[in-house]
Amino acid sequence: PRIIELVDARRIPSTPVMNIHLIKEYRKNREKAAYVAKQIVYASLEDIASSIHIDSTSNSVVVKITQSALREVGISLNELKEMVKLPNAKPKFTSKGSIITIIIKPGDPSALQKISEKVPSIHVKGVPGIRRALVTMDNGEWIIQTDGSNLAKVLKFPGVDPTRTTTNNIHEVASTLGIEAARNALISEIKNVLDEQGLDVDVRHIMLIADMMTSEGDVMQIGRHGISGGKASVLA
């Protein structure tokens with residue numbers, strides 16, 4: 001299935017994953033690597049809130065968050081205040097015991113419904129697309145393996161080594177690093193799948209396929225919508 005996915009040049013792999021390598025000071029220390037992993041995982045307001053509801057008496061959206069939920073995702077109250085911003089509505093933060101309440105009242109009461117739909121998806125921390133992150137030991141250094149992929153954003157993340165970080169999403173590689181990087185990624189992905197299955201296929205066959213798929217400057221599939229459907233040639 002993975003080979004079919006690759007030669008079909010599917011936009012999103014069925015299981016997008018990343019191997020994130022870290023810079024020198026993080027890769028030898030598990031705590032530091034775990035800290036980066038925690039910061040990379042995406043969280044929206046909905047993920048950390050214990051309740052979100054519309055208060056029709058005050059015409060506002062009320063969000064309740066516990067202090068422990070904030071600690072769990074590794075952000076402070078001040079960082080949360082920075083992230084919760086909405087056009088035409090000023091959020092008001094109150095703290096009582098271990099519960100933080102955010103009251104978001106729109107300037108225009110008729111916009112309440114629209115704002116209540118936006119509130120749960122407010123980005124609180126992390127990189128969009130990264131659902132989970134696991135710190136593992138690989139060749140004597142700590143690396144982060146993720147469920148989900150977002151190459152462009154992860155490469156800019158503090159602590160990440162951009163020269164060795166990889167994703168299995170070929171289209172992301174093409175749009176972030178260019179078509180030659182996508183060709184190399186195609187070759188290594190197909191070769192890894194065949195090697196795992198114990199199939200000995202000469203790498204030149206794989207290189208030829210990758211060259212054909214990327215020769216136009218974009219990742220094309222081999223099927224009738226791509227190379228096979230194109231003009232007839234000896235290679236096709």
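The structure is a predicted model, in which local features need pLDDT of at least 70 and side-chain atom pairs count only at pLDDT 80 or more, while totals for chains, interfaces and linings use all residues. Residues are numbered from 1 along each chain as its sequence is written, and side-chain values use heavy atoms, with hydrogens and water left out.

**Stop 1**

Side chains of opposite charge can pair when their charged atoms come close. Over the whole structure, 13 salt bridges are found (a side-chain nitrogen of Lys or Arg within 4 Å of a carboxyl oxygen of Asp or Glu). Helices (H or I, at least four residues) and strands (E, at least two) are DSSP runs, numbered from the N terminus. Arg27 and Glu141 are both buried (under 20% relative accessible area; exposed is over 50% and partly exposed in between, with a 1.4 Å probe and protein chains only).

**Stop 2: helices α10 and α11**

Next, select Arg183 in helix α10 (residues 179-196) and Asp211 in helix α11 (residues 203-214), a pair 28 residues apart. Their side chains form a salt bridge with an N to O distance of 2.5 Å. Asp211 is partly exposed at 33% relative accessible area, as is Arg183 at 21%.

Remain on helix α10 and select Lys191 and Asp195, which lie four residues apart, about one turn of the helix. A salt bridge joins their side chains at 3.5 Å, N to O. Lys191 is partly exposed, with 29% relative accessibility, and Asp195 is likewise partly exposed, with 45%.

**Stop 3: the largest pocket**

Finally, select Thr167, Asn168, Ser188, Glu189 and Asn192, which lie nearest the centre of the largest pocket among its 20 lining residues. On a 1 Å grid over the protein atoms alone, a pocket is an open set of points where a 1.4 Å probe fits, with protein on both sides within 12 Å along at least five of seven lines; lining residues have an atom within 4 Å of a point. Helix α10 gives the most to this lining, with eight residues. β10 (166-167), α9 (170-177) and α10 each supply at least two.
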